[in-house]
Amino acid sequence: MNSTGHRSGPGRRILPPRMILIVLLAGAVSGCASLPSVSSQTPVLDFEHYELPNGLDVILAPDSTAAEVVVNVWYHVGSRDEEPGRHGFAHVFEHLMFLGSKHHDNDFNLAIRAVGGRANGMTDRDRTVYWMSIPPENLELALWLEADRMGFVLDALTEEKLQKQIAIVLNELSRNATMPYEGVDREISRLLFPPGHPYSWTVAGEPSELGAANLEEVAGFFRRHYSPNQASICIAGPFETKNAHAWIRRYFASLPSGPDPVPWSAPIPLLTRERRSQLRDDVKLPQVTLAWNTPGRFQPGDIEFDVLAQVLGAPGSGRLQQSLRGDPPLAQEIRIRQRSREEGSTFEIEVTAAPGADLAAIEQTIDAELESIRLRGPSPAEVARARAGLEAEFLRGLEQRAGFGGPANRLNRYLNFLGDPDWLGRDFQRLRDCTSESVRDVAGRYLMPSQRAVVRVVPGAKETPPPIAVVRPESDPLPTLPPVQDPPDLDRFVRPGPGKPLPFDAPSIRSRELENGLRYHLVQRPGLPLVEIHLNVRGGWSADAVPGTCALTAKLLAEKAQGASDPDLAERLAQQGAILEGSSNFDASLFRLNVPRAGLEDAGEVLAALVLRPEFSQEAFERVRRMTLGRHQLEQSRPRTVAIQTMQQEVFGPRHPYAQPFTGTGKAADLAVLNLTQLREFYRRWYRPGNVELVLVGDLTPETADRLVRKWYAAWSQQPTDCEPVAMLPATGRPGIVILDQPGSEQATLVGGCETVSRADASRKPLLLLNQALGRGQASRLFGRLRTEKAYSYRARSQMVNYRQAGFFVVDAAVQTGHAGDALEEILRELRDLGTSRPLAGAELDRVLTETISDFPRRFETLESIATGLDRILVCNLPLNEWNTVRSDFVEAAQGDLATLARRYLAPERMTWVIVGDWEEMKAGFAGFASESIEVRPFRPEIQQ
């Protein structure tokens, strides 16, 4: 592998259009041939790869089954490429690339959102990635924008833009500092790598160094790293390749190459003695993280650690999941992962202790399991299960086309890290070659106790790391880029117009009902060999006599598949690479199964067994209740979670069904008095076939679906129990401001809310348009005001939440403590303007309508998103043809009196605000608010009862 970049020289092989086969394992490894493969079908991905004369790599992956085109651009630069005293430059420049360029000196996201697209970016240690997902008719516009910021972003970069983005990044760092357990990553890097190693500093940057940055230094970073010969672009989706070829040549070919990548090599050290650290944080549950340096991405041994992470941490079947979640449990949360990086990776085991558990006992348990792995390796059956899980994860990753995953991102990853996008088959060959012996060998080499870093977090006053002194040595001379020599027929100031839109039809729904009253609905989705099943029980938190009953019932039923009470069920799911989860919400209980099609029949039987034959044992009930109480304690360390839960109670009143915590954990006092009899009664009343809606989505024929549903559920007997929705209480909250005083907090968390309408109300769609304009996305008014203009906040947004019988509107922002009052005034002004001086109309309304309608096809990108959308239709008793009328409904909604609706539902006078922060630091900013409207309470890690 060429560690200096993805180039292998001018004579590098150029691949013609071809087909890459995703190699799915036909048999098992290491003596486990009896275990089935997760799939018997081989998906196919078409792509073409070539290089422009300026060094830009191009990958074209046409896919007529997708609804949108994804443009995925990688620059082979990350935080590892930063110079001493300039840490955070890669992160800052990721922000700057969205602010405009010479021929489009305006916000990049505004142009993309205006045509119904989405865009985002990210930076890590090795690379910077930008992606956008757009309607196919706007691909030329996307390439015009992408080329302009590749070649002309410095022409529009000013000191003012730079300083504003640095302020926003500093807000982001400040916000992150308030998160529980936030300092662990920084401490792990400090312990594993020597000072000055490119992986020893954080990606986000150091506040003191960012504050000292100047325009010329940042521009130099761009000139060194942002050029065609250090970039690659992958286009995936429904597009004509001849058009893509022409547009890429037109907009990118004349951009000049930049300097060659600077070679660097930083050996990854293996520690010779254990290094430990302890942090104090404002948390209730202690945590321990163990980390080791391991082989780099795609290097020998890397895949073994992916397998080992599954062997130890897979839900239900993982060794540590079983040993740490015994009775009594030692762990509340377990996360095990191989954090693969280009030069060297990190294998991490992170465990948050259960209430009352001891970190020393957790470490002893981990040590015992790792010692067994080092001596004997995992069993062949464990490796086969891990392989099945990783195969299934890969299939699921291909569903999500946009974002930082999907086929486009995967092809770019292979190209950048291996120099060749044609690596998919070899990637799976790595998995096929992994054995229990190879896992044992790499564990014995890399996971010795003397080679690890250990960071403990214990409850206490939060410790803030001291600022780093800024030392800025002389930088290398800035490279000079040659001017762009465009062809005479190219005027880059001419913005491309749209092409002809492709038609989009929502998938059809086939509905049937069994003799016992159970209804099932099939959405056929040919393609990837995956099936998603959702079992909806029309009984949610709003039906609780004692809050928490519904949530614990669903968790108790699903807990059986996690291995504690029935290891056989967990084993069967693991062999199939299946995901089975039980959850609940205000209106329903939901059991979700996702499984490769080859394992559907067996995994579906497991799901049916959980729901039809529950085991209400006292032991399992106590285990689930303890875990729920532990999760409740974790949530009370998160200011935003506490603020939203408090807002719910203030808006609806403390005993209103929709005042329960939105996380489903209930309240500690209610959990303490719940008993098994109440759960049995909830199950008896609500869990019956006539009260169930079963949703199946995937590559299934109607005949197969009918046969399986009848096999699983035909014997479920109907019970004549009243299952009508619980009558809603009126909301009893009052508007005002509640301050939850948290002395020493670096940021203020603002959450505001008010009651709105139910899911079926005719006002919902007009309110969704208002919310889109106000706070949904980077083109919204709140984002523009609080982040882009004022730089008060890294994140500001609003959301319309609508359930079966009621709904509420939420505004959510994290701001600088000293600007909390100013930010609240700005939010209230925007709310007021929607109904008065600046109603949603004209070009803004056109943009919002385009965004909303263009967003509709994205609901059908994955099997889970399709099933979830159908869940909401069914649980809220909406017409099954709603998918077919969505577009016309929003067009009609846009023609209504939106200003009147804004005054009725979103008026500032209706809002209840909960603000978590240091009141002494915030107080001066609230001088303009009526003192009688402000109530100050201490921030306690308990919601008001």
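Select helix H18 (residues 600-612) and helix H23 (residues 702-713). They pack at an angle of about 35°, with their axes 9 Å apart. Two packed helices are described by the angle between their axes and the distance between the axes. Axes are lines fitted to C-alpha atoms, for helices over the stretch in contact, and angles run from 0 to 180 degrees between N-to-C directions. Helices (H or I, at least four residues) and strands (E, at least two) are DSSP runs, numbered from the N terminus.

This is a predicted model: local features need pLDDT of at least 70, side-chain atom pairs count only at pLDDT 80 or more, and totals for chains, interfaces and linings use all residues. Residues are numbered from 1 along each chain as its sequence is written, and side-chain values use heavy atoms, with hydrogens and water left out.

Now show the side chains between the two helices. On the H18 side, pick Leu600, Glu601, Gly604, Glu605, Leu607, Ala608 and Leu612. They meet Arg707, Leu708, Lys711, Trp712 and Tyr713 in H23. Contact means heavy atoms within 4.5 Å. By class, this contact of H18 with H23 has seven nonpolar, one polar and four charged residues. Ala, Val, Leu, Ile, Met, Phe, Trp, Tyr, Cys and Pro count as nonpolar; Asp, Glu, Lys and Arg as charged; the others, Gly among them, as polar.

A cavity is a set of points on a 1 Å grid over the protein atoms alone where a 1.4 Å probe fits but cannot get out; lining residues have an atom within 4 Å of a point. A volume is the space filled by probe spheres set on the points, which are joined across faces, edges and corners. There are seven cavities of 30 Å³ or more.

Select Leu556, Leu557, Lys560, Pro614 and Glu615. Among the 11 lining residues of the largest cavity, these lie nearest its centre. The space inside is about 80 Å³. Helix H16 (residues 549-559) gives the largest share of the lining, three residues.

Move to the second largest cavity, of about 60 Å³. Its lining includes Leu45, Asp63, Val70 and Arg401. By class, the lining has six nonpolar, one polar and two charged residues.

Last stop: isoleucine 134, in strand S6 (residues 128-134). Is isoleucine 134 buried or exposed? Isoleucine 134 is buried, because its relative accessible area is 1%; buried means under 20%, exposed over 50%, partly exposed in between (1.4 Å probe, protein chains only).

Key. On a 1 Å grid over the protein atoms alone, a cavity is a set of points where a 1.4 Å probe fits but cannot get out, and a pocket is an open set with protein on both sides within 12 Å along at least five of seven lines; lining residues have an atom within 4 Å of a point.
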